[in-house]
Amino acid sequence: MKIKRQKQAKKTISFYKFNFNFRQPFQILMDGTFCQAALKNKIQIKEQMPKYLMGEIQLCTTNCALKELETLGKQLYGAKLILQRFQVRKCPHLKSPVPASECLLSMLGETNPHHYFIATQDRAVTAGLKKIPGVPLLYIILNTIVLDKPSQESLDHVQAVQLGELVSPAQQQSIRSLKEEQGIPLKDGERRGKKRKRKQSNPNPLSCLKKKKKGVPTPPLKKTEPGEKKKRSRHKKRKTVEGDNTTAPAVSL
Ligand SMILES: [Zn+2]
């Protein structure tokens, strides 16, 4: 079971790496519900999370998530002790804290630009993040951490990109910089047009020369006795200048 779980996680992580540019250290944004579940199941988040995700991680939370645990009282004191050890990321609710679920979703925006993994047991957060493409979900079930499979929204997004319906801003930039490096003009048609013109201009002079040679053989049919030397002179003249054809018959007469 353990090996199968690890294999699935590896597959899912590479999905996010390849399609959504996730890089180490992975940013794990968590709330009190996840810490509470970890505590109950005796899971050491700091030790087990990097092993499961097979890489460096950065555990973090928000001020709103911490405040929420404070207000919930003694029952969640242990979870609060765990959560407050992690980095606190700035959220837009510093003056008036909001529920943790609302805060975590606001940290994702529409495209999860900071590449957060969300670690939660809160169903409101889970349902909300599945509407945003490229948000990996971590939760605890049966004493173990589980990385959820990519949501349908993520799969649809990737398919749309592959079909060329969507191009991510990062991809657009890399395409532009590649084109500049290679010196490729924006419009391909312009290049092809220039090449065709060059090809047309070259063969024309050659075909003109051949026509001149074909016209020559008619005069030699007239046989002249006076000497071979004269014949040779005619050939030389014909090859070089066209106008000599008129003078050649005059010599034979
Ligand atoms: Zn907040």
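User: How many helices and strands does the protein chain have?
Analyst: The chain has 13 helices and six strands. Helices here are DSSP runs of H or I with at least four residues, strands are runs of E with at least two, and both are numbered from the N terminus. It's a predicted model: local features need pLDDT of at least 70, side-chain atom pairs count only at pLDDT 80 or more, and totals for chains, interfaces and linings use all residues. Residues are numbered from 1 along each chain as its sequence is written.

User: Ok. What share of the residues is buried?
Analyst: Buried residues are 23% of the 253 in the protein chain. A residue is buried if 20 or more other C-beta atoms lie within 10 Å of its own, exposed if 12 or fewer, and partly exposed in between, with C-beta atoms placed from the backbone.

User: Which way do β1 and β2 run?
Analyst: β1 (residues 26-30) and β2 (residues 57-62) run parallel, joined by four bridges. F26 has I57 in β2 as its bridge partner, and L29 has C60 in β2.

User: And how many bridges are there between β2 and β3?
Analyst: Three, and that pairing is parallel. T61 has its bridge partner, V88, in β3.

User: You mentioned C60. Where is it?
Analyst: C60 sits in strand β2. It counts as partly exposed because it has 19 other C-beta atoms within 10 Å.

User: What does C60 touch, skipping its neighbours within four places in sequence?
Analyst: C60 is in contact with Q27, I28, L29, F86, Q87 and R89. Contact means that the C-beta atoms of two residues, placed from the backbone, lie within 7 Å. C60 and I118 are 58 residues apart in sequence, and their C-alpha atoms are 9.8 Å apart in space.

User: Switching topic: which residues touch the most other members of the largest nonpolar core?
Analyst: That core has 40 residues, and I28, L29, L104, F117, I118, A119 and L138 touch the most other members. Helix α6 (residues 100-108) gives the most to this core, with six residues. A nonpolar core is a set of buried Ala, Val, Leu, Ile, Met, Phe, Trp, Tyr and Cys residues joined through C-beta atoms within 7 Å.

User: What's I28 in contact with?
Analyst: Leaving aside neighbours within four places in sequence, the contacts of I28 include M49, L59, F117, A119 and L138.

User: Which α4 residues are buried?
Analyst: C64, A65, E68 and L69 are. Looking down the axis of α4, these buried residues fall within an arc of 140°, so they line one face of the helix. The arc is that of the directions from the helix axis to the C-beta atoms.

User: Why would residues a few places apart point the same way?
Analyst: An α-helix has 3.6 residues a turn, so residues three or four places apart point the same way.

User: What covers the buried residues of α4?
Analyst: The cover includes α2 (32-40), β2, α5 (77-83) and α6. After α4 comes G73, with a positive phi near 90°.

User: And α3, which residues are buried there?
Analyst: In helix α3 (residues 45-53), I45, M49 and L53 are buried. Their arc around the axis is only 35°, which puts them on the same side of α3. E47 and K51, on the other side of α3, are exposed. The cover over the buried residues of α3 includes α1 (2-20), β1, α2, β2 and β6.

User: Last one: which peptide bond is cis?
Analyst: The bond from Q24 to P25 is cis, with omega near -5°. P25 is in the loop between α1 and β1, and N21 lies in the loop between α1 and β1 too. N21 has a positive phi of about 60° although it isn't a glycine.

How values were computed
Two strands pair if DSSP finds at least two bridges between them.
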